[in-house]
Amino acid sequence: MKPSIETPLLDRVSIPSDLRALKESELPQLASELRAELVDAVSETGGHLGAGLGVIELTVALHYVFDTPDDRVIWDVGHQAYPHKILTGRRDRIRTLRQEGGLSGFTRRAESEYDPFGAAHSSTSISAGLGMAVARDLKGGRNNVIAVIGDGAMSAGMAYEAMNNAGALDARLIVILNDNDMSIAPPTGAMSAYLARLGSGRAYLGLRDIGKKLTSYLGKRAERAVTRAVEHARGYVTGGTLFEELGFYHIGPIDGHNLEHLIPVLKNVRDNGDGPVLIHIVTKKGKGYAPAEEASDKYHGVNKFDVITGAQAKAPANAPAYTRVFAESLVQEAREDDKIVAITAAMPSGTGLDLFGEAFPSRTFDVGIAEQHAVTFAAGLATEGLKPFCAIYSTFLQRAYDQVVHDVAIQRLPVRFPIDRAGFVGADGPTHCGAFDTSYLASLPGFVVMAAADEAELRHMVRTAAAYDQGPISFRYPRGNGVGVDLPARGEILEIGKGRVLREGSKVAIVSFGTRLAESLLAAEELGAAGLSATVVDARFAKPLDEDLLRRVARAHEVLITVEEGSIGGFGSQVLHFLAREGLLDHGLKVRSLILPDEFTEHAKPEKMYVDAGLDAGGIVRTVFAALGQQTRAARA
C-alpha cells in the first residue's frame with residue numbers, strides 16, 4: 001500500500017477565510033510552507049525578500065485572528081507585503097511580481113480588496129489607519145483597523161504626528177510595531193509573552209479602567225498623576241513610556257516569530273481593545289533563510305538568485321553605476337575641501353554615501369527616514385559655512401518640498417542636492433519614479449538645476465556644486481549604469497547656465513536635458529541618413545537656461561525638439577516659456593517637447609518604458625517627422 005501524500009497546507013489556502021478554517025496547531029506548518037514559497041518566488045523575480053521573511057508568522061497570525069478584508073490591515077512601505085499577497089488570492093501571480101503586467105512590489109488598492117491602502121513611501125500607515133478608524137466610527141461600524149509599521153519607519157515624524165492625533169481622539173486603532181533590528185528592546189522569552197498576554201487581557205484592561213474612574217473622584221490633576229505613575233512604572237519594564245505618553249496602550253515586546261505568543265495577544269486586543277493600542281513585536285529580518293540572515297542587509301532588495309546558495313545574478317557591468325560615480329567624485333572633492341559634509345535619509349548604500357562615510361565618518365550624517373529634517377538640517381549646516389550635500393532620491397525629496405522652499409530657497413542657502421533615481425526606475429514602478437524634481441525645483445527663484453548626460457558630466461556637476469556658494473543647486477542622475485564614457489581624473493567646474501553643442505546641423509535642433517543625450521545622438525544619425533541635418537545640444541541646465549544658445553538654435557533651425565526624462569512643467573516648459581517671451585515662436589519655428597507620459601507609469605523593464613514613452617531614438621525621429629508633416633521610412637514601409 002502506497003503511503004498517502006498529504007496536500008501542503010498552503011495549497012488549501014487561497015484566501016484568508018481558508019486560513020481561518022485551519023486548526024491553530026497547523027499554523028506553524030503553514031508559516032514554514034509560506035516562507036519556502038516566498039523564497040522560491042523571489043528567487044525568480046528579484047525584489048524585497050528580507051522584510052517579507054521577517055513577517056511570515058505575523059502575516060499568518062493577522063489573517064487568522066482578524067476578519068480580513070472587513071478588518072483592515074495596512075502594511076507600511078509594502079516591502080514586507082509579499083507573504084500577504086500570497087495569502088490573499090494572488091499566489092498564482094506571485095511570480096509576475098514587479099514584471100510588466102504583473103503584481104506590484106507594494107500594496108495597491110486597485111490590485112486587491114485585501115489592500116485597503118496603497119503603500120509607497122514609509123511612515124504613512126498610522127495616518128491612513130486613523131482615517132479609516134474615524135470613518136468607521138462616523139458610519140457606526142465595528143471592524144478593526146491594524147497598521148503594521150517597521151522600526152525604521154518610526155524614525156519619520158509623520159508616524160508620531162499620527163500617533164499623537166490618535167491618542168488625542170482615543171480612536172480604536174491597533175498599531176503593530178515590527179522591531180526587526182532589536183532597536184528598542186529585545187523580547188525576554190516566556191515571561192515577556194506571559195506579561196503581554198496578561199496586559200492585553202480583559203481583566204487587566206478592566207482593572208486599569210476602574211483605576212482611572214476611581215482617581216477621577218480626586219480631580220483631573222490627581223487622576224493624571226496616578227495614571228501616569230502606573231504607566232511610567234510599566235514603561236520602565238516594557239519600554240512603552242513614549243507610546244503611553246502619546247495616548248497608546250503599549251503591549252510587548254513579544255517574539256514576532258512565535259505564533260503561540262502572537263495569537264493570544266492579537267485575540268485579546270481584538271476582543272477587548274477600546275482606544276489606540278500599540279503591540280511591539282521583535283522579529284528577525286531574513287528569518288528562516290540562512291543566506292538572508294547572514295547578509296549584512298538581510299537581503300533587503302535582491303536580484304534573481306540561486307535558492308540553494310543564495311548567490312545573486314549580477315547584471316553586466318560594462319560601465320560604472322551613476323550612484324558610485326557620484327559617491328567617488330564626492331569623496332574626491334571632500335579630500336580637497338574639509339567643509340564638505342554629506343547627509344542621507346536612511347539610504348546610505350542606495351545613495352552611495354556609505355563610501356563617503358567610510359572615508360569621512362565624522363562628516364557623514366544619516367538622519368533616518370526624515371527627509372524634511374534632512375533638508376532643514378542641511379540648511380543649518382550651510383548657515384555656518386559648511387557645504388552640505390543632501391543626497392535624496394527624486395521621489396523621496398518630494399516629502400521635503402516645503403523645507404526646500406522655505407528653509408533653503410527663500411534664504412538662498414547653498415545646499416547641494418544630488419538627486420538619485422531620477423526618471424524611470426523599472427520594477428519599482430510609479431511610486432518610486434523620479435518624474436517631478438525638475439518641475440518642482442526649476443519653479444523656485446534662484447535655484448540652479450542641472451542634469452548629468454553621462455557619468456563624466458556627473459563628475460563635473462559634483463565639482464561644480466562643491467564650488468557653488470551663491471545659493472541652492474541640484475543635479476539629477478538615473479538609476480543604473482552609465483553609458484561607458486571615459487571618466488576625467490577630476491571633474492571640471494562648469495560655467496553656470498551654459499550648455500554644450502555636440503553636433504552641428506541646420507534643419508533640426510535636438511536639445512537634451514539629462515541622460516537621453518545618447519539617444520538624441522542616435523536620432524541625429526538616423527535623421528542625417530534621411531537627409532535631415534540635425535544639431536544636438538546638451539543643455540546641462542534647466543535653470544538658468546543657456547539663453548544665448550537657445551536663441552541661436554531657434555533662429556537657425558526649422559524644428560526644435562526638447563528631450564528630458566521628467567514630467568510636464570520641467571525643462572521643456574522652461575524652454576517654451578523662454579521662446580515665447582523672446583518672440584522666437586513667431587516665425588514658424590516648430591517646437592515639440594518630449595517628456596514622461598502625463599500618467600503614473602506602471603512597472604516594466606526600463607528599455608521598454610523608454611520606447612513606450614517615445615524617449616528613445618526612434619521616438620525622437622518620429623516626433624521630428626511628425627513636426628515636418630512627413631512619415632518616417634518605417635511608417636512608409
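Across the whole of this predicted model, a search finds 11 aromatic pairs. One of them is formed by Phe 513 and Phe 571, whose rings are stacked, with 5.1 Å centre to centre and 15° between the planes. Because Phe 513 lies in strand S13 (residues 508-513) and Phe 571 in helix H24 (residues 571-582), the pair ties together parts that are 58 residues apart in sequence. Phe 513 is buried, and Phe 571 is buried as well. Elsewhere, Phe 326, Phe 475 and Tyr 477 form one aromatic cluster.

Aromatic rings also meet charged side chains in this model: the charged end of Arg 363 sits over the ring of Phe 360, 4.3 Å from its centre, and the charged end of Arg 516 sits over the ring of Tyr 610, 3.7 Å from its centre.

Helix H24, which carries Phe 571, also packs against another helix. The axes of H23 (residues 547-556) and H24 come within 11 Å and cross at roughly 70°, which means that H23 is roughly perpendicular to H24. On the H23 side the contact is made by Glu 547, Leu 550, Arg 551 and Ala 554, and on the H24 side by Val 575, Phe 578, Leu 579, Arg 581 and Glu 582. By type, the residues of this contact divide into 5 nonpolar, no polar and 4 charged.

The backbone has some features that deserve a separate look, given that most residues other than glycine have a negative phi and most peptide bonds are trans.

| Residues | Feature | Angle |
|---|---|---|
| Thr 68 and Pro 69 | cis peptide bond | omega about 10° |
| Lys 543 and Pro 544 | cis peptide bond | omega about -10° |
| Ala 346 | positive phi | phi about 70° |
| Arg 421 | positive phi | phi near 55° |

Pro 69 lies in the loop between helix H4 (56-65) and strand S1 (72-75), while Pro 544 is found in the loop between strand S15 (541-543) and H23. Ala 346 is placed in the loop between strand S6 (340-344) and helix H15 (348-351), and with 29% relative accessibility it counts as partly exposed. Arg 421 lies in the loop between strand S9 (416-420) and helix H20 (437-442), but is buried, with a relative accessible area of 16%.

A further loop residue, His 300, lies between helix H13 (290-294) and helix H14 (322-336) and is partly exposed, with a relative accessible area of 28%. The C-alpha atoms of His 300 and Ala 51 are separated by 6.4 Å, although the two residues are 249 residues apart along the chain. Beyond residues up to four places away in sequence, His 300 touches Gly 47, His 48, Leu 49, Gly 50, His 79 and Lys 285.

Key. Residues are numbered from 1 along each chain as its sequence is written. This is a predicted model: local features need pLDDT of at least 70, side-chain atom pairs count only at pLDDT 80 or more; totals for chains, interfaces and linings use all residues. Side-chain values use heavy atoms; hydrogens and water are left out. Rings of Phe, Tyr and Trp (its six-membered ring) pair if their centres lie within 6.5 Å; planes under 30 degrees apart count as stacked, over 60 as edge-to-face and the rest as tilted. Helices (H or I, at least four residues) and strands (E, at least two) are DSSP runs, numbered from the N terminus. Buried means under 20% relative accessible area, exposed over 50%, partly exposed in between (1.4 Å probe, protein chains only). A charge sits over a ring if NZ of Lys or CZ of Arg is within 6 Å of the ring centre and within 35 degrees of the ring normal. Axes are lines fitted to C-alpha atoms, for helices over the stretch in contact, and angles run from 0 to 180 degrees between N-to-C directions. Angles under 35 degrees count as roughly parallel, over 145 as roughly antiparallel, 65 to 115 as roughly perpendicular and the rest as oblique. Contact means heavy atoms within 4.5 Å. Ala, Val, Leu, Ile, Met, Phe, Trp, Tyr, Cys and Pro count as nonpolar, Asp, Glu, Lys and Arg as charged, and the others, Gly among them, as polar.
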